Every structure is written in structure tokens, then in C-alpha cells.
Amino acid sequence: MDADGPAGAESPHPPLSRLGAMFAVGAVAGAVTVVALAVGTDADASARVFSLGALVFGAALLGWSTAVLAGRGLEAAHRHLETGSDWTEAKSRRAMLLLCAFGLGGMVGVSIATAIA
């Protein structure tokens, strides 16, 4: 048994390549959105798109912490109620980490695009 659970259990961490890819996708999406809104003469484009990235990051961070705190209980509830769901704490943590990377990438992309423009 390791720190993350019993041996053979699925990892709660996505591969770094997927995290990096989600960060890059978020950065490109944020930068492109800022440029597109700025061309449309939206003076607050940077603030709006940065806020959206922060919203995604914050919601994903809340989801990740919920999975950490209550994940095993939710798994036990699914088994007890025989829901047939394959939801697991590890899968939830991986998904929330990917969304965190996307939101963080969006915020960084907006910041870079704003600094360059």
C-alpha cells in the first residue's frame, strides 16, 4: 500500500503530458479569446477572459478538494446503493486536475496576450 491507496489502484494523477496539453489548450484559448474580443473593441476583454479562466480554475479546485475529502465515502455509497456507476475518487481527482490546468493555462494565456498587445 502506498500513500495514494492500495497497490494496483488507479492513480489519482493524470500524466504530465496530459496536464501540459490541457495547460497549453487553455493558454491558447485564453489568448485567442482576448484577441478576438479586443478586435471587437471590447475594452474589458482581458478582465472578462481572465475571470472565466479563474472561474474554471476555482471550480475545478473546489471539485478536486471535494473528491479528496468525500471521494471514498461517495465510492462506498455507490457500492452500497448498487448504482452501477464507475465513478471513482481517482478518476474525479484526475478530471479536476485537468480542468485546473485548463483554467490556469487560460489565465496565463490572457496575461501573456495582454502584455504583448
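Trainee: Which residues does UniProt list for "transmembrane region"?

Mentor: The unreviewed UniProt entry lists residues 21-40, 52-74 and 95-116. Bear in mind that the model here is predicted. Such annotations may be inferred rather than shown by experiment.

Trainee: Let me step back to the whole chain. How many helices and strands are there?

Mentor: Three helices and zero strands. Read from the N terminus, the order of elements is α-α-α. Helix α1 covers residues 16-39. Helix α2 covers residues 45-81. Helix α3 covers residues 89-116.

Trainee: What share of the chain is buried?

Mentor: Buried residues are 26% of the 117 residues. Contacts give another view. Take those between residues at least 6 apart in sequence: 75% of them join residues at least 24 apart.

Trainee: Next, helix packing. At what angle do α2 and α3 pack?

Mentor: Look at two things, the angle and the distance between axes. For α2 and α3 the angle is about 165°, and the axes are 8 Å apart. An angle over 145 degrees counts as roughly antiparallel. So α2 and α3 are roughly antiparallel to each other.

Trainee: Is the crossing of α2 and α3 left-handed or right-handed?

Mentor: The crossing of α2 and α3 is left-handed. Leu55 sits in helix α2.

Trainee: Is Leu55 buried or exposed?

Mentor: Check the relative accessibility. Leu55 has 56%, so Leu55 counts as exposed. The cut-off for exposed is over 50%.

Trainee: How are α1 and α3 oriented to each other?

Mentor: Use the angle again. Helix α1 and α3 pack at about 40°, with their axes 6 Å apart. Therefore α1 and α3 are oblique to each other. The crossing of α1 and α3 is right-handed. The contact includes Met22, Phe23, Gly26 and Gly30 of α1. On the α3 side, Leu98, Phe102, Gly105 and Gly109 are among the residues that take part.

Trainee: Now for charged side chains. How many salt bridges are there?

Mentor: The test is a distance: a side-chain nitrogen of Lys or Arg within 4 Å of a carboxyl oxygen of Asp or Glu. By this rule there are four salt bridges. Start with Arg79 and Glu75. Their closest N and O atoms are 3.9 Å apart.

Trainee: Why are Arg79 and Glu75 separated by about one helical turn?

Mentor: Because they are four residues apart in helix α2. Arg79 counts as exposed, at 57% relative accessibility.

Trainee: Which residue does Asp86 meet in a salt bridge?

Mentor: Asp86 meets Lys91, at 3.4 Å from N to O. Asp86 is exposed, with a relative accessible area of 56%. Lys91 is partly exposed, at 33%.

Trainee: What about Arg93? Which residue is its partner in a salt bridge?

Mentor: Glu89, with the closest N and O atoms 3.4 Å apart. Salt bridges that share partners also join Arg72, Glu89 and Arg93 into one network. Arg93 and Glu89 are four residues apart in helix α3, so about one helical turn separates them.

Trainee: Is Glu89 buried or exposed?

Mentor: Buried means under 20% relative accessible area. Glu89 has 9%, so Glu89 counts as buried. Arg93 is buried too, like Glu89. Then ask what surrounds Glu89. Leave aside neighbours within four places in sequence. Glu89 then contacts Ala67, Val68, Gly71, Arg72 and Glu75.

Trainee: One last case. Where is Ser92, and which residues does Ser92 contact?

Mentor: Ser92 is in helix α3. Its relative accessible area is 13%, so Ser92 is buried. Beyond neighbours within four places in sequence, Ser92 is in contact with Ala67 and Trp87. Ala67 is also on the contact list of Glu89.

Key: Residues are numbered from 1 along each chain as its sequence is written. This is a predicted model: local features need pLDDT of at least 70, side-chain atom pairs count only at pLDDT 80 or more; totals for chains, interfaces and linings use all residues. Side-chain values use heavy atoms; hydrogens and water are left out. Helices (H or I, at least four residues) and strands (E, at least two) are DSSP runs, numbered from the N terminus. Buried means under 20% relative accessible area, exposed over 50%, partly exposed in between (1.4 Å probe, protein chains only). Contact means heavy atoms within 4.5 Å. Axes are lines fitted to C-alpha atoms, for helices over the stretch in contact, and angles run from 0 to 180 degrees between N-to-C directions. Angles under 35 degrees count as roughly parallel, over 145 as roughly antiparallel, 65 to 115 as roughly perpendicular and the rest as oblique. A crossing is left-handed if the near helix is turned anticlockwise from the far one by less than a right angle, and right-handed if clockwise.
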